[in-house]
Amino acid sequence: MKGIIYNEKTKVFTLRTRNSMYQMQVRQHDTLVHLYYGADVGDMEIDYRIISLDRGFSGNPYEAGNDRTFSLDVLPQEYSGYGNGDYRINSLEVEHEDGSDAVHLRYKSHEICKGKYSLKGLPAMFGTEEEAETLKITLYDRVSGLQVHLLYGVFPELDVITRAVRMENQGEKQVTIQRAMSMEMDYPNMHMDMVHFYGRHAMERIKERLPLHHGVQSVESKRGTSSHQHNPFVILTDKTTTEKSGDCYGYALVYSGNFRCEIEVDQMNQTRFVMGIHPYHFSYRLNKGDIFETPEVIMAYSDRGFGRLSHIFHDAYRSNLIRSKYVTMPRPVLINNWEATYFEFNDEKLLNIAKEAKEIGLDMFVLDDGWFGKRDSDISGLGDWTVNENKIKEGLPALVKKIKDMGLKFGLWIEPEMVSEDSELYRRHPEWCLRIPQRNMNRSRFQLNLDITRKEVRDYIMEQIFAVMDSCDVDYIKWDMNRSVDNVYSLALPNERQGEVFHRYMLGVYEMMERLITRYPDLLFENCSGGGGRFDAGMLYYSPQIWCSDNTDAIDRLKIQYGTSFGYPISTMGAHVSVCPNHQTGRSVPFETRAVVASAGTFGYELDLEKLTPQEKELAKKQIKEYKKMEHLVQTGDYYRLTSPYSNHDYVVWQFVSKDKRETLVNGVMLRNEANPHIHILRLEGLIPDMHYQDMESGNIYTGAALMKAGVPLPPGSGDYQPVKFRFCAKNDEQ
Ligand code: GLA
């Protein structure tokens, strides 16, 4: 049976999804011990793997009496506390009023119910009573009265399990949480690799695979955002796992702020994995009766390699995390003026670009940075969300009307969390930004973080933005965030609550986004943080797409989009065709190839359309038509990474397959062209072996088996960076 089962006799909890099984057990002294996570091994309880021996220097809880074999230092646990003889990294650290910091968690009770739990003010997967079940296990610390509710959401069909923790102070005294991880996973061995996605601004989510080693290894962000530098999606994998085969486990934190993922290989070669809010500059005070909830982690197990793991995450996000109605709808193909004009434009220039956009068949004009306040460069204007009349002389409503009269939708860029020192807002309210008393502030792009923990700040900003949106019927918003959070101190919070600033900042951002999408249910909402600095599952709860990177170079994008695809659906990645030589790298790539790469995402253009040659305009028209024809594959299909940009192949190729497997699109880029070239044979995936597929270009017919096992030759081309394009449809299907 799938779902949650409790065996009263053995006190074993079993959580089952389509292909995975998870087990834990209440054992001696009411300790909640982790037993197993992995393939479904049938009607078994995996408690037999636990062998207790007397381990030197591993202490024993008092209740164990003279039993020196019972030690929390070596037992696999579900959620470990501090100060109880377990010297590994742990999940919960608190400080009590008397200055002590121990917390001894013991099982108290549990509940199983239909449907999925939710978390107050935090993004999380949602699920109906048919789709999900919730298990709540309550642990408690007898001395302080702190209750720790471990929450498990089980989605049998989607093949994922979610975890989060709710803390409740039921004691008489204050408890200050110092570290509250969202989950812990104890593996009985260390023979695994960690795959993580690191990077920098304009080069995000570079894949790295490292063997685990003894001691602690971690990925983290202390920047107040999930960050360009490390992504809160991590995979633990068997050594032999590949794209197509082998065991691996994916963990995604549904949170957009500071995070830490720590892995410790201990003295017994066991591996402990924890993930949650970064303990750096974090504390949360709970008075009697107060509650604190951690963000959620989404976990999945695959026994068929990274490809299958990605499919699980893609499907789960598309059906039960992203709430936007656009998630599987055709999105407007847009033109964004940022790389076309930067800050230098006026209404005439914008209208000219819009006119060209309409002519080539685009759907939406997006007005990026520079339309408001005194925003003529990035040194001023943030915080003043009224139109810049030096540039847009007749005002925004009139400009938007003209654009809409052309038959285009209209989108707008905002950066609500920031203020420039040179702004009306800062002159009136210098206390509204984060700043540490008596210290000089750290500047970044000349801007400061507003104190989003304050309700009056959130209200003021959102009201200004709503006024603009109401005045001109905005169809799309791009919400940007262009610096890390710093100067972390809120003048509105008492000293003892300063450890809450980072988290309250995130809760404030989520609240603002919730207000935006509730007020405008038809709005298409795109997130952005200097490109992909906040590309995480938390943001996807609010927006169905995120600007993937400020790097629009098609060749760099091969790596960026490849890395992103491990944890995130392709339809969530904003990707645009930009000009060459590329503004970030100076590289030149054929126009057609730029479109092929950008169409593996939410497609658009970001260049001065007035400067396109007549041939390029004709090509663009064709590209837009082609994208619209295959967009449903990007939105709802299965994605296969046929090659890796890190391998020594001369090409990078990927494939979309419709869920009914009747249609497939193969796209990619030939990286190098050589004299007297080799013929490269490409083998496809995910098709029905005995179905006949027709190549929509040549008309040739192939069986699925031939395409998958014998493969197709890549056409020899001339020049570097030529595009690869194949589309096959089941024979006789209407196209
Ligand atoms: C960030 C975004 C860009 C653009 C600029 C505008 O860098 O990622 O797409 O909007 O800000 O300042």
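In this predicted model, D556 is buried, with a relative accessible area of 16%, because buried means under 20%. D556 belongs to helix α9, which covers residues 554–567. Its salt-bridge partner is R587, and the closest N and O atoms of the two are 3.6 Å apart. R587 sits in the loop between β29 (573–578) and α10 (591–598), so the pair links distant parts of the chain, 31 residues apart. R587 is partly exposed, at 26% relative accessible area.Salt bridges that share partners also join D86, R88, E184, D186, D266 and R272 into one network.

Across the whole structure, a search finds 62 salt bridges. One of them pairs D54 with R68. D54 is partly exposed, at 40% relative accessibility, whereas R68 is exposed, with a relative accessible area of 52%. Another salt bridge joins the side chains of D303 and R304. D303 is partly exposed at 33% relative accessibility, and R304 is partly exposed at 42%.

| Salt bridge | Closest N and O atoms |
|---|---|
| D54 and R68 | 2.9 Å |
| R587 and D556 | 3.6 Å |

The loop between β4 (31–39) and β5 (92–96) also holds M44. M44 counts as partly exposed, at 37% relative accessibility. Together with V41 and Y48, M44 makes a nonpolar surface patch of about 290 Å².

The ligand is surrounded by 13 residues, the closest being D368, D369, K478, G531 and D550. The side chain of K478 has an N or O atom 2.8 Å from an oxygen atom of the ligand. For G531, a backbone N or O atom lies 2.9 Å from a ligand oxygen atom. The side chain of W413 places an N or O atom 3.0 Å from an oxygen atom of the ligand. Taken alone, the ligand exposes 300 Å², and the protein buries 96% of that.

L448 lies in strand β25, residues 447–449. With 1% relative accessibility, L448 counts as buried. Beyond its neighbours within four places in sequence, L448 is in contact with several residues, including M418, V419, Y426, C433, R483 and N487. L448 and L382 are 66 residues apart in sequence, and their C-alpha atoms are 9.1 Å apart in space.

How values were computed. Residues are numbered from 1 along each chain as its sequence is written. This is a predicted model: local features need pLDDT of at least 70, side-chain atom pairs count only at pLDDT 80 or more; totals for chains, interfaces and linings use all residues. Side-chain values use heavy atoms; hydrogens and water are left out. Helices (H or I, at least four residues) and strands (E, at least two) are DSSP runs, numbered from the N terminus. Buried means under 20% relative accessible area, exposed over 50%, partly exposed in between (1.4 Å probe, protein chains only). Contact means heavy atoms within 4.5 Å. Patches are made of residues with over 30% relative accessible area and no salt bridge: like charges are joined within 9 Å, nonpolar side chains (Val, Leu, Ile, Met, Phe, Trp, Tyr) within 5 Å. Accessible areas come from the Shrake-Rupley method with a 1.4 Å probe; for residues, only the protein chains shown count as cover. A salt bridge is a side-chain nitrogen of Lys or Arg within 4 Å of a carboxyl oxygen of Asp or Glu. A residue is near a molecule or strand if one of its heavy atoms lies within 4 Å of it. A polar contact is a pair of N or O atoms within 3.5 Å; within protein, one must be able to donate a hydrogen and the other to accept it, and residues adjacent in sequence count only if both atoms are side-chain atoms.
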